[in-house]
Amino acid sequence: MDQMRHFARETGFGMLVAFTPNGLSVAHVPFVFLDDERLGVHLARANPLAAHLDAADCVCVVTGPSAYISPDWYGLDQNQVPTWNYLAVELRGQAIRIDDDGLLAQIDALSQEQEHRLFPKVPWTRSKMDRDVAAKMTRAIVGFEVRISAWQGTTKFNQNKPAEARIRVAEALDAAGKTAAARLMRDPLQ
């Protein structure tokens, strides 16, 4: 669980999926963990999902490095098939709309977390904006907290193959410019 939480927190972006009267809907959203059981997200007010998300069950899918794997790379017998290796975490829960003060706090928390990663850059804060411009832009979005009820993670990086085969695949991925996937081939999350 800690590794899934760390991966999701470090990624900070996912696909929020929920049913609406018009069927399944997806929004691509930045997010911030408000605590271990709540995820803060915001959407453009004009996003079709925004009008139907309050009290809806949803899932936030966070994806990481992925890559096509050629069976030739294993260096094993010929009875291998192509596959796709990937990392993904799903956070399931219920979305609850938050008020304007909660939205501002969420935006500030999201910015603070992301700006901290840019150190030694001086962090951007909302206070650097004209108040009227900030208020106008904030009116264009709507905030939600997702109360997380379940986590599911999938790490598929050929853990079923011998170490030597995984190393050969990692080398092939490095050569193809897929360095993040190569790193996970060498040391997959447990």
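Me: Which element gives the largest share of the lining of the largest pocket?
Reply: The model is a predicted one. The elements that give two or more residues to this lining are α2 (100–116) and α3 (131–139). With 5 residues, the largest share comes from α3.

Me: What is the volume of the largest pocket?
Reply: Rolling a probe the size of a water molecule over the atoms shows where empty space is left. For the largest pocket, the volume is about 290 Å³.

Me: Are helices α4 and α5 roughly parallel or roughly antiparallel?
Reply: The axes of α4 (residues 163–175) and α5 (residues 179–186) come within 8 Å and cross at roughly 170°. Angles over 145 degrees count as roughly antiparallel. Therefore α4 runs relative to α5 in a way that is roughly antiparallel.

Me: Which residues of α5 meet α4?
Reply: On the α4 side, the residues are Arg166, Val169, Ala170, Glu171, Leu173 and Asp174. They meet Thr179, Ala181, Ala182, Met185 and Arg186 in α5.

Me: What separates Asp2 and Arg5 along helix α1?
Reply: Asp2 forms a salt bridge with Arg5, and their closest N and O atoms are 3.7 Å apart. Both belong to helix α1 (residues 2–11), 3 residues apart, so they are separated by about one helical turn.

Terms used. Residues numbered from 1 in each chain as written. Predicted model: local features only at pLDDT ≥ 70, side-chain atom pairs only at ≥ 80, totals over all residues. Heavy atoms only, no water. Axes fitted to C-alpha atoms, helices over the stretch in contact; angles between N-to-C directions. Helix = DSSP H or I, 4+ residues; strand = E, 2+ residues; numbered from the N terminus. Parallel < 35°, antiparallel > 145°, perpendicular 65-115°, else oblique. Contact = heavy atoms within 4.5 Å. 1 Å grid on protein atoms, 1.4 Å probe; cavity = no way out; pocket = protein on both sides within 12 Å on 5 of 7 lines; lining within 4 Å. Points joined across faces, edges and corners; volume = space filled by probe spheres on them. Salt bridge = Lys/Arg side-chain N within 4 Å of Asp/Glu carboxyl O.
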